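Please read them with the structure open.

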Amino acid sequence: MATSIALTLFDTDPAELAVDAVVIGVHSPGDGGADGEPGELLLASGAESIAAAFDGKLGPTLALLGATGAAGEVTKLAALGAITAPLVVAVGLGPEPTGAAPAAETLRRAAGNAARALSGTAAVAFALPLSDDDSVPSTPSLRAVAEGAQLGAYRFAGYKSKPQPSRREPVGAISILVADAKDAAAAAELDRAAIVAAAVYRTRTWVNTPANELRPPVLADQIAVAATDAGLEVEVLDEKALREGGYGGILAVGEGSEAKPRLVRLAYRPAGVDDPVKIALIGKGITFDTGGVSIKPSQGMWEMKTDMAGAAAVASTMIAVAALKPGVAVDAYIPIAENMVSGSAYRPGDVVTMRGGKRVEVLNTDAEGRMILADAITRACEESPKYLLETSTLTGGQVIALGKKISGLMGTESLLARLKTAGDSVGEQAWPMPLPDDIRKTMESDVADILQVSAGMERSGHMLQGGIFLREFVADGVDWAHIDIAGPSFSSGEASGYLTKGGTGVPVRTLLALIDDVAENG
Ligand code: BES
Ligand code: MN
Ligand code: ZN
């Protein structure tokens, strides 16, 4: 499932490179100065030798073809012998930045747009404006181009029973123009980008896989096999082990399905680090969410095959961690269940005894994510992590409040600030949300320790109810965050930038950036 795209660096003349296409950047002109005439299209750095080969006609010709330099734009120009490659592809980078290079996210998206536009092309060279002194040090522009190009080239194999002649293969090989192709730091960035892209690919593919192909024991097995191959420590609790361990939340949700629930634990330990900082990752693995007895409307229910996006992201992040080898200890707990309707399904009104003994009164079987996550959080806290990061497609309220692109963050304030910074640095936006006391008050149960949702299934503060419920299970002193990815984990619209239609891989790159931050700063 890893990327099959060959990644290389080059520092030779892009005009003389034997590839199938060369990608250059173009900036939109400024406001044209005093005479009010629009300025000329600006070629970005990296394009100099190609511009020279076109005898000064490259900018005007691209403009003639409609290029304006706006971000998101892709303009193809046949080279007709002017350079070695047969095709020049100009990607819009917006106005020329005042600093040395465009923002990382601008480059990442432009590279993704180019890679998508070039499917069917075997070898592509990227000659985009890079800089060493990027304003966000954790995401140098080389990393952004390498990531964006690979992520844009993702394709889900799918299940068509006949070959599709019109369907073009993703880009096969990517090379990127740098100042010095032998530079060790640049090579390290490229290696990292390949590992990160493989993790995003793996997440997208799991998310895109239909629920009949990925029932709980199957997803648990696939994670176990991939994690074992990566050199991680792996433990899978089956139904019997879950019962012995008192995992009442995972069992209750899994009860309605013939495919029984699992809890996967993965562990990474750094070599040669005494007493490393410990991070726990938790991801929601509902392989399909019918809502259970509190059944969902059938319109759009198919999308609930993506309700294991948190599990997919956490498992893939762990596999990347095993390759990146940061100096921190990371444990993952991945609860997996199928939320079905049947004679054995759990009911509204049930009181469930969770791992650790807390009693939860269920009001809505469709709030199943928090039931399986609470058990996993309790288990994770038994190992006393310093940080606990949980991610889940938890609430439709996240999509209402923040939309399809911005994840909701709830938890310890200082950790949320770090997560938001990590997310911004990789182009995965997230926004901190509060956990108000008055909403906690609406979750008092008459018969148990806590209601699973607000009394009367009150919808107000919907996303926050999820965070408040999960907080009950986090041990004192653990810095924690809940990342609600209900919207951002899946892109139902058209592909754009480096996002392809379907699973997005959010929040894999945020988690990896935060792990780096902890490895560096504790
Ligand atoms: N998996 C859903 C949340 C979801 C909604 C994910 C849309 C992706 C897109 C979750 O299990 C759910 O059903 N949440 C309910 C909670 C409610 C019953 C308290 C919801 O959002 O309505
Ligand atoms: Mn649900
Ligand atoms: Zn769900």
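1. Strand E9 (residues 262-268) is the place to start. Seven of its seven residues are buried, so E9 is largely enclosed by the rest of the structure. Buried here means under 20% relative accessible area, exposed means over 50%, and partly exposed lies in between (1.4 Å probe, protein chains only). Both faces of E9 are covered. Arg 262, Val 264, Leu 266 and Tyr 268 are buried on one side; Leu 263, Arg 265 and Ala 267 are buried on the other. Helices (H or I, at least four residues) and strands (E, at least two) are DSSP runs, numbered from the N terminus.

2. A word on conventions. This is a predicted model: local features need pLDDT of at least 70, side-chain atom pairs count only at pLDDT 80 or more, and totals for chains, interfaces and linings use all residues. Residues are numbered from 1 along each chain as its sequence is written, chains are lettered from A and ligands numbered from 1 in the order in which they are written, and side-chain values use heavy atoms, with hydrogens and water left out.

3. Which strands pair with E9? Strand E8 (residues 233-237) does, in the antiparallel sense, over five bridges. Glu 235 has Arg 265 of E9 as its bridge partner. E12 also pairs with E9 in the antiparallel sense, over seven bridges. Two strands count as paired if DSSP finds at least two bridges between them.

4. Pro 261 sits in the loop between helix H8 (248-254) and E9. At 1% relative accessibility, Pro 261 counts as buried. Its contacts, leaving aside neighbours within four places in sequence, include Leu 237, Ile 250, Leu 251, Ile 336 and Ala 337. Contact means heavy atoms within 4.5 Å. The C-alpha atoms of Pro 261 and Asn 339 are 9.8 Å apart, though 78 residues separate the two along the chain.

5. Check Val 341 next. Val 341 is in the loop between strand E12 (329-339) and E13. Its relative accessibility is 44%, so Val 341 counts as partly exposed. With Val 293 and Ile 295, Val 341 makes a nonpolar surface patch of about 250 Å². Patches are made of residues with over 30% relative accessible area and no salt bridge; like charges are joined within 9 Å, nonpolar side chains (Val, Leu, Ile, Met, Phe, Trp, Tyr) within 5 Å. A salt bridge is a side-chain nitrogen of Lys or Arg within 4 Å of a carboxyl oxygen of Asp or Glu. Areas come from the Shrake-Rupley method with a 1.4 Å probe; for residues, only the protein chains shown count as cover.

6. E13 belongs to an open sheet of three strands, in the order E13-E14-E18, with mixed pairing. Strand E13 (351-353) and strand E18 (450-451) stand at the edges with a single partner strand each, so one side of each is left without a neighbour in the sheet. Strand E14 (residues 359-361) runs parallel to E18, joined by two bridges. Val 360 has Ile 450 of E18 as its bridge partner.

7. Two helices deserve a look. All twelve residues of H4 are buried, so H4 is largely enclosed by the rest of the structure. Its cover includes strand E1 (6-10), helix H3 (104-117) and helix H5 (184-208). In helix H14 (residues 462-471), nine of the ten residues are buried, so H14 is also largely enclosed. Met 463, Ile 468 and Phe 469 are among them.
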